[in-house]
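Student: Please show me the sequence and the structure. I would like to go through the helices, the contacts and the packing by question and answer.

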Amino acid sequence: MTARTGFTNLMTELKKTRDELRLQMHLAGMEARATWEKLEPKVDELERKVNAAGDAATRAIEAAFDTLGKALARLRDDIVPPPSGPRL
C-alpha cells in the first residue's frame, strides 16, 4: 500500500467519525460542543495537507492523523452512550 492510499483510507475513517459525531452533537453538552468546534475544521485542514503533501511530509501527516483520530474518538466516547443490552 502506498502512503497516498494509506492516507486516503485514514481520511475516510476520520471523515466517518466526524460525520457520526455531527449526528450526535445535538445531544452533547456545551463542553463537548466547544471541543467539536475546535476539531471539526481540522478534518478539512488535514485533508488539504494530505492532498498537497509529498513524501517528505508523510511522517508529519501520519502523526496528525493519529492525534486528530484520538481526539475525535475521545469526544465520541464522551458523548455517545455505550450500547445497552446483554453482553455476549
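Tutor: Contact means heavy atoms within 4.5 Å. This is a predicted model, in which local features need pLDDT of at least 70 and side-chain atom pairs count only at pLDDT 80 or more, while totals for chains, interfaces and linings use all residues. Residues are numbered from 1 along each chain as its sequence is written, and side-chain values use heavy atoms, with hydrogens and water left out.

Student: Which residues does Glu47 touch, not counting residues up to four places away in sequence?

Tutor: Glu47 is found in helix α2; helices (H or I, at least four residues) and strands (E, at least two) are DSSP runs, numbered from the N terminus. Glu47 has 23% relative accessibility, so it counts as partly exposed; buried means under 20% relative accessible area, exposed over 50%, and partly exposed in between, with a 1.4 Å probe and protein chains only. Leaving out residues up to four places away in sequence, Glu47 touches Met11 and Lys15.

Student: What pattern does the protein chain follow along the sequence?

Tutor: The protein chain has three helices and zero strands. Read along the sequence, the pattern is α-α-α.

Student: Are the rings of Phe7 and Phe65 stacked or edge-to-face?

Tutor: One aromatic pair is found in a search of the whole structure. Rings of Phe, Tyr and Trp (its six-membered ring) pair if their centres lie within 6.5 Å; planes under 30 degrees apart count as stacked, over 60 as edge-to-face and the rest as tilted. The centres of the Phe7 and Phe65 rings are 5.7 Å apart and the planes are at 20°, so the pair is stacked.

Student: Which helices does this pair link?

Tutor: Phe7 counts as buried because its relative accessibility is 6%, and Phe65 counts as buried because its value is 5%. The two residues are 58 residues apart, and the pair links distant parts of the chain. The helices are α1 (residues 3–24), which holds Phe7, and α3 (residues 58–79), which holds Phe65.

Student: Which side chain does a polar contact of 3.1 Å join to that of Arg18?

Tutor: Arg18 lies in helix α1 and is buried, with a relative accessible area of 8%. A polar contact is a pair of N or O atoms within 3.5 Å; within protein, one must be able to donate a hydrogen and the other to accept it, and residues adjacent in sequence count only if both atoms are side-chain atoms. Not counting residues up to four places away in sequence, Arg18 touches Trp36, Glu40, Val43 and Asp44. The side chain joined to Arg18 by the 3.1 Å polar contact is that of Asp44.

Student: Which residues does Ile79 touch, not counting residues up to four places away in sequence?

Tutor: Ile79 is among the residues with the most contacts inside the largest nonpolar core. Leaving out residues up to four places away in sequence, Ile79 touches Leu21, Gln24, Met25, Ala28 and Ala32.

Notes:
Core = buried A, V, L, I, M, F, W, Y, C linked by side-chain atoms within 4.5 Å.
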